[in-house]
Amino acid sequence: MEIVDIFADQLFAFHYNGEVDNEYDRLMEDWTDVVFLRDYAKKNGIAELDQFVKDRLKDAEDIQDLLEEITTNQHSLGAYFQPFHNSEIGFKLLSLQKGKTSKKDGLRLYAIKIDDNEFVITGGCIKMGQATQEHKDMDDEVVKLKSAQDFLKKGGVVDIDSFYEFKNELQ
Amino acid sequence: MTNKENFKALVSKETTNTVERNRARIKNRSRLKESQQIALKVLNKLDEPGWTQRRLAKEMGVSPQQITKIVKGKENLTLETQIKLQEILDIPILASYYDKMWEQIVSDFLVKDTKKYTAPKNPFLEKEDEILLPKMEIVMEYDASSETYEHYKIPA
């Protein structure tokens, strides 16, 4: 496991063992893969396969635009992340979030805040409203978040008590 | 060392090309969207009984790995590949598919019909039968798709 620098010593991402890409690139490869998205929809019993795939492809494009915006504007990274509470983990998640907070489905990127203008992406998932798959995906994310947290603690990075969710709209 | 310094010490010295890859996706977005749309149509067709990726590969004369790439929706498909997909799977990909279909529709529904023409009632005449124009028959070609009469002629 390692942490890689995505942008200007501000945005980082975990690169987990056994993966070809860091978490941003890995997720973006999946979220732009029609087979991956369609299989996901099938597994979750979604009737409108085409619509689901098209919506998630659009969500992925929005996140791509957001990363591009981050690399070209002067906003603080904090403006792009919002706390997301997860009772299972017992601390707040911070995530890069697609869509308004009221939107049920969508893509989520999760990150740990290191400093006011420093975030490290730990993973992400397709958020599926009340679908059962959401729990499994979230479980996988929790495992990754915990391993990321341990990795940071071992490296002397302490007081990591909040995780963030990327949001696509500036407040 | 501060938290921040400890964190920096954990960051790999390797550089990533994530921002460049992201930029390339944005730059190629229009093309990618087309590839994704085609991939969806292909996958939907392959869900129909009798179709498999292996059969498609065989009929197209390409490797199964090539089909795997196509259905991911990331390939920059050549015109030749698009034509093969359209013809073998009978799915709309190129404009020629709709052109052909439209020609088919027009020819299927173009019918000749004979209708009697009755001159409208003249409001200035008191009696209905005192119309100025004689009754006559005309032949009209009715296009059912556009619901219009396109041509007419007076029979000899």
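**Exercise 1. Find out how far apart the closest N and O atoms are in the salt bridge between B:Arg21 and A:Asp21.**

Step 1: In this predicted model, B:Arg21 makes a salt bridge with A:Asp21. Step 2: The closest N and O atoms of the two residues lie 2.9 Å apart. Step 4: Now look at the whole count, which comes to 12 salt bridges between chain B and chain A.

**Exercise 2. Work out which elements of chain B touch chain A, and which gives the largest share.**

Step 1: Start with polar contacts: 27 residue pairs link chain B and chain A in this way, both residues being at pLDDT 80 or more. Step 2: List the elements of chain B that give two or more residues to the side touching chain A: α1 (3-10), β1 (11-15), α2 (18-27), α3 (29-46) and α5 (64-72). Step 3: Pick out α3(B), whose eight residues are the largest share of that side. Step 4: Sort the residues of this side by kind, and you get nine nonpolar, 10 polar and 11 charged.

**Exercise 3. Describe how β1(B) pairs with a strand of chain A.**

Step 1: The partner is strand β1 (residues 2-7) of chain A. Step 2: The two strands pair in the parallel sense, over two bridges. Step 3: To see this in the model, find A:Ile3, which stands opposite B:Val11 in β1(B).

**Exercise 4. State how much area chain B and chain A bury between them.**

Step 1: The total is about 3,400 Å², with 50% of it on carbon and sulfur atoms. Step 2: On chain B, the trio B:Phe7, B:Leu10 and B:Arg25 supplies 18% of the area that chain B buries against chain A, more than any other three residues. Step 3: Finish with the residues in contact: 30 from chain B and 41 from chain A.

Definitions and conventions. Residues are numbered from 1 along each chain as its sequence is written. Chains are lettered from A and ligands numbered from 1 in the order in which they are written. This is a predicted model: local features need pLDDT of at least 70, side-chain atom pairs count only at pLDDT 80 or more; totals for chains, interfaces and linings use all residues. Side-chain values use heavy atoms; hydrogens and water are left out. Contact means heavy atoms within 4.5 Å. Buried area is the accessible area (1.4 Å probe) that two parts lose on being put together, summed over both. A salt bridge is a side-chain nitrogen of Lys or Arg within 4 Å of a carboxyl oxygen of Asp or Glu. A polar contact is a pair of N or O atoms within 3.5 Å; within protein, one must be able to donate a hydrogen and the other to accept it, and residues adjacent in sequence count only if both atoms are side-chain atoms. Helices (H or I, at least four residues) and strands (E, at least two) are DSSP runs, numbered from the N terminus. Ala, Val, Leu, Ile, Met, Phe, Trp, Tyr, Cys and Pro count as nonpolar, Asp, Glu, Lys and Arg as charged, and the others, Gly among them, as polar. Two strands pair if DSSP finds at least two bridges between them.
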